[in-house]
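Student: I have a model open and want to check the terms used for it. Can we go through them one by one?

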Amino acid sequence: MSGDPTQLPIAVFLSGGGRTLENLLRHRDEHELPIDVRLVISSRDGVRGIDIAQNDGIETLVVRKRDHDDASYSDAMFEPVRCCGAKYVVMAGFLKHVLIPDDFENRVINIHPSLLPAFGGQGMYGHNVHAAAIERGVTISGCTVHFVDNQYDHGPIILQRACEVRAEDTPDSLAARVFEQECEALPAALRTLL
């Protein structure tokens with residue numbers, strides 16, 4: 001599948017509401033982020049992220065992990081990406097662990113809501129990350145865009161953005177401030193890949 005050579009062809013993996021996908025599409029439309037979203041794969045049916053993609057005319061698939069063993073799950077996720085010609089996969093709130101095939105090494109990108117390696121690993125997502133940061137007493141948090149390998153929240157870091165943790169913060173208030181950083185960090189990281 002050919003397209004505009006100035007556009008970065010990507011696929012997006014998601015599991016829920018699609019806020020990160022929505023942000024990428026907004027940056028594409030309002031800030032000339034040079035991406036071509038060719039495919040969105042969700043780990044669940046009936047999520048808002050699928051609706052956002054379909055409303056934008058993007059092809060969608062649902063691939064449920066429980067229907068596969070590890071190897072066939074990886075094939076079910078990445079073969080459609082190969083077929084659509086996407087150069088990179090962006091994990092946008094994708095909460096399943098999938099094995100990264102050799103031909104996608106340093107081609108799968110995740111954004112994590114902490115300054116990795118702090119507050120990463122299995123079970124560290126969403127509310128859990130921000131609660132752990134507050135409990136630990138850190139004064140700075142933020143987000144990390146990184147290449148995904150076969151370990152949780154591991155792989156080479158592309159970009160990080162920081163924000164303060166305030167004394168009165170709750171996990172929700174910190175999450176909102178970190179998400180503001182995520183909304184700028186992921187588009188900035190994608191620009192560096194062109």
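Student: Leaving aside its neighbours within four places in sequence, which residues is serine 141 in contact with?

Tutor: Serine 141 is in contact with Pro113, Ser114, Leu115, Arg161, Ala162, Cys163, Val165, Leu174 and Val178. Contact means heavy atoms within 4.5 Å. A caution on sources: this is a predicted model, where local features need pLDDT of at least 70 and side-chain atom pairs count only at pLDDT 80 or more, while totals for chains, interfaces and linings use all residues. Residues are numbered from 1 along each chain as its sequence is written, and side-chain values use heavy atoms, with hydrogens and water left out.

Student: Why is serine 141 called buried?

Tutor: Its relative accessible area is 3%. Buried means under 20%, exposed over 50%, and partly exposed in between (1.4 Å probe, protein chains only). Serine 141 is therefore buried.

Student: Where does serine 141 lie?

Tutor: In strand 6, residues 140–147. Strands are DSSP runs of E, at least two residues; helices are runs of H or I, at least four; both are numbered from the N terminus.

Student: How do you know which strands pair with strand 6?

Tutor: Two strands pair if DSSP finds at least two bridges between them. Strand 5 (residues 108–112) is joined to strand 6 by 4 bridges. Strand 7 (residues 157–164) is joined to strand 6 by 7. Both pairings run antiparallel. Threonine 144 stands opposite histidine 112 and also opposite glutamine 160 in strand 7.

Student: Why are helix 1 and helix 2 called roughly parallel?

Tutor: Their axes cross at roughly 25° and come within 8 Å. Axes are lines fitted to C-alpha atoms, for helices over the stretch in contact, and angles run from 0 to 180 degrees between N-to-C directions. Angles under 35 degrees count as roughly parallel, over 145 as roughly antiparallel, 65 to 115 as roughly perpendicular, and the rest as oblique. The two helices are therefore roughly parallel. Leu21, Glu22 and Leu25 in helix 1 meet Arg48, Gly49, Ile52 and Ala53 in helix 2.

Student: What makes a set of residues a nonpolar core?

Tutor: The members are buried Ala, Val, Leu, Ile, Met, Phe, Trp, Tyr and Cys residues, joined through side-chain atoms within 4.5 Å. The largest core here has 38 residues, and Val12, Leu21, Val37 and Leu190 touch the most other members. Helix 5 (residues 171–193) gives the largest share, 7 residues.
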